Amino acid sequence: MLGFSASNGVEIKGRFAEEMRATMRRVRSGRLNKADKAALHFQQETGDVVLVRE
């Protein structure tokens with residue numbers, strides 16, 4: 001993740017950054033909550049994609 005665990009010593013702060021770090025900890029540990037599992041399922045769905053060129 002960009003900037004959330006940067007090695008340059010600059011820490012991203014705020015609610016979004018805290019939520020991202022918490023999510024990354026759950027992903028690394030394999031302890032996903034219902035919201036994480038729902039987001040993962042949504043991302044893995046294959047939808048119909050139509051490319052239109054004019």
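**Pocket and helices**

Modeller: In the largest pocket, the lining is made up of four nonpolar residues, two polar and one charged. The model is predicted: local features need pLDDT of at least 70, side-chain atom pairs 80 or more, while totals for chains, interfaces and linings use all residues. Numbering starts from 1 along each chain, and side-chain values use heavy atoms, without hydrogens or water.

Biologist: Which residues line the largest pocket?

Modeller: Thr23, Val27, Leu32, Asp36, Ala39, Leu40 and Gln43 do. Lining residues have an atom within 4 Å of a pocket point (1 Å grid, 1.4 Å probe, open, protein on both sides within 12 Å along at least five of seven lines). The pocket volume is about 170 Å³.

Biologist: Why does the length of helix 1 agree with its 15 residues?

Modeller: The expected span is 1.5 Å times one less than the number of residues. For helix 1 that gives 21 Å, and its end C-alpha atoms are 21 Å apart, so the two agree. Glycine 30 follows helix 1, with a positive phi near 80°.

Biologist: What makes residues in helix 1 count as buried?

Modeller: Buried means under 20% relative accessible area (1.4 Å probe, protein chains only). In helix 1, Ala17, Met20, Arg21 and Ala22 are therefore called buried. Across the 54 residues of the chain, buried ones make up 11%.

Terms used. Grid points are joined across faces, edges and corners, and a volume is the space filled by probe spheres set on the points. Ala, Val, Leu, Ile, Met, Phe, Trp, Tyr, Cys and Pro count as nonpolar, Asp, Glu, Lys and Arg as charged, and the others, Gly among them, as polar. Helices (H or I, at least four residues) and strands (E, at least two) are DSSP runs, numbered from the N terminus. Buried means under 20% relative accessible area, exposed over 50%, partly exposed in between (1.4 Å probe, protein chains only).
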